[in-house]
Amino acid sequence: MEEVTEAVNNLAITEPHKKNRIQVSNTKKPLFFYVNLAKRYMQVHNEVELSALGMAIATVVTVAEILKNNGLAMEKKIMTSTVDVNDESRSRPMQKAKIEIVLGKTENFDELMAIAAEEREVAAAEEGEEQS
């Protein structure tokens, strides 16, 4: 979780009005990095916008479904579009599919997050006792 906190603190946000946007890649970070990052964003901003292009769309949908199935998030909006992406190897722009999913906290988000934190503390304490 420290990696997620560090990543949130070190993000260079290009659009100041979109501090709750996560641009997902399917090659740079593991799936649960984005799940945990989205949880952290929802704690701070009450909602998160997941965004992806092309092949990363499946990753965004999976992240959203994990959060929804665990009772942490609800869909607020889903937007799809096509964007032009400049590729240096081609003379003209290439079109790529884009998805944006806005998720909001569920009513019991804070309660579920507190339970998960408590379970981690208990597991850490038990692990510490085993090593002693």
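Select Phe-33 to begin: at a relative accessible area of 8% it is buried, where buried means under 20%, exposed over 50% and partly exposed in between, using a 1.4 Å probe and protein chains only. Before you click on, note that this is a predicted model, where local features need pLDDT of at least 70 and side-chain atom pairs count only at pLDDT 80 or more, while totals for chains, interfaces and linings use all residues. Residues are numbered from 1 along each chain as its sequence is written, and side-chain values use heavy atoms, with hydrogens and water left out.

Rings of Phe, Tyr and Trp (its six-membered ring) pair if their centres lie within 6.5 Å; planes under 30 degrees apart are stacked, over 60 edge-to-face, and the rest tilted. That rule gives one aromatic pair. It is Phe-33 with Tyr-34: the ring centres are 5.4 Å apart and the planes stand at 80 degrees, so the pair is edge-to-face.

Keep Phe-33 on screen and show Lys-29. What sits over the ring of Phe-33? The charged end of Lys-29 does, 4.9 Å from the ring centre. (The test: NZ of Lys or CZ of Arg within 6 Å of the ring centre and within 35 degrees of the ring normal.)

Next, switch to cartoon and pick helix H2 (residues 31-45) and helix H3 (residues 57-69), which pack at an angle of about 55 degrees with their axes 10 Å apart. Axes are lines fitted to C-alpha atoms, for helices over the stretch in contact, and angles run from 0 to 180 degrees between N-to-C directions. H2 and H3 are therefore oblique to each other; under 35 degrees is roughly parallel, over 145 roughly antiparallel, 65 to 115 roughly perpendicular, and the rest oblique.

Show side chains where they meet: H2 residues including Tyr-34, Val-35, Ala-38 and Met-42 meet Thr-59, Thr-62, Val-63, Ile-66 and Leu-67 in H3, contact being heavy atoms within 4.5 Å.

Then step to Asn-46, in the loop between H2 and strand S2 (47-53). Its phi is near 70 degrees, a positive value in a residue other than glycine. Asn-46 is partly exposed, with a relative accessible area of 46%.

Finally, zoom out: the protein chain has four helices and four strands, with helices (H or I, at least four residues) and strands (E, at least two) being DSSP runs numbered from the N terminus. Along the sequence the pattern is α-β-α-β-α-β-β-α.
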